[in-house]
Amino acid sequence: MITAGIDVGALTAKAVVLDFDMDRPLRQTQGRPLGRCLMPTGASPEQAGGAVLVGALEEAGLEADAVQASVGTGYGRGAVQGVDWRITEISCHARGAWHLMPDARTVIDLGGQDAKAICLDEAGWPLDFEMNDRCAAGTGRFLEVMAAALDVELEELAALAAGAETTATLSSTCTVFAESEVISLLAESRDVAEIAAGLCETIAQRTLQMTNRLQVRPEVVLCGGVALNAGVHRAMERALDMRIVVPPEPQLVGALGAAILAGERAA
Ligand SMILES: Nc1ncnc2c1ncn2[C@@H]1O[C@H](COP(=O)(O)OP(=O)(O)OP(=O)(O)O)[C@@H](O)[C@H]1O
Ligand SMILES: [Mg+2]
């Protein structure tokens, strides 16, 4: 069965097209989508959702009518047209991460605008979760603002942080105040690498606070676009004092889970 998952996030829209078969070991097949696509959400979640599905179908070499079941998820899921079901990001990230890593018991999704930690049971269903969707602190947007303040590319932050001899302490978690702090540190000629390391540490500490109430059990899977930042990955491992796994293409985990849930619901 051809299924599609469309995850319209606050910053990026993602789609995954799968050849779903309930009877085959899922993670051997679903781990390798037939097609996937990622683009900025922009001003229209509706258009972005449609466009990423077209992109993923193109990569799969399929026409739109080939899709037999579909799920929309993410912040913009209400605007996605033509899907069979709309399911929360919590469920979709849990499903996607568990299928990539059956030992996963905690999933941390650091997206562009929110951060979530989800506890899973042994079958990969969410038991409990915590979410920060009230401010940009601890999210990708925070890092984007700080990269701009440092005048470096977002992708450079991790390499810079890795080269730092010490870690600058940033006392503000608020994006606006932290940006002022970064500007002050630059004015004091503080090394950019040390500030980059401090920013990764800030994200890790903020995420650690978010998980306080939860029981964080291994394996811990880190996904969402911020998982591409190796500096944050390492800082998170230090903060939790646990090994954390980042799957290949961590930004697509929610869309993958959506495509899997579409297959499971339709089967
Ligand atoms: N190569 C990269 N290196 C570091 N960070 C990256 C990279 N690519 C993307 N990001 C980060 O990923 C973030 C977007 O992540 P993602 O696509 O998971 O967010 P989203 O799903 O749109 O947001 P949300 O889940 O909050 O609605 C960007 O803000 C950026 O910080
Ligand atoms: Mg997201």
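Predicted model: local features only at pLDDT ≥ 70, side-chain atom pairs only at ≥ 80, totals over all residues.
Me: Thanks! Which residues does Ala15 touch, leaving out those up to four places away in sequence?
Reply: Ala15 touches Ala4, Gly5, Ile6, Arg36, Cys37, Val52, Leu53, Gly55, Ala56 and Ala255.

Me: And which residues have the most contacts inside the largest nonpolar core?
Reply: Ala15 is one of them, along with Ile6, Val17, Ala56, Ala196 and Ala259. That core has 82 residues.

Me: Which helix gives the most to this core?
Reply: Helix 7, residues 192-211, with nine residues.

Me: Where does the core lie relative to the domains?
Reply: Domain 1 and domain 2 both give residues to this core, so it lies between them.

Me: OK, how is the chain divided?
Reply: Into domain 1 (2-101 + 251-266) and domain 2 (132-245). Their centres, taken over C-alpha atoms, are 28 Å apart. Seven residues from domain 1 and eight residues from domain 2 make up the contact. On the domain 1 side, four are nonpolar, three polar and none charged.

Me: Switching to ligand 1, which residues come nearest?
Reply: Gly9, Gly111, Gly112, Gly140 and Gly225, out of the 22 residues around ligand 1. By class, this shell has seven nonpolar, 11 polar and four charged residues.

Me: What gives the most to that shell?
Reply: Helix 4, residues 140-150, with four residues. Domain 1 and domain 2 each supply at least three residues to the shell.

Notes:
Residues numbered from 1 in each chain as written. Chains lettered and ligands numbered in written order. Near = placed C-beta within 6 Å. Helix = DSSP H or I, 4+ residues; strand = E, 2+ residues; numbered from the N terminus. Nonpolar A, V, L, I, M, F, W, Y, C, P; charged D, E, K, R; others polar. Domains from an automatic or database assignment. Contact = placed C-beta atoms within 7 Å. Core = buried A, V, L, I, M, F, W, Y, C linked by C-beta atoms within 7 Å. Buried ≥ 20, exposed ≤ 12 C-beta atoms within 10 Å, placed from the backbone.
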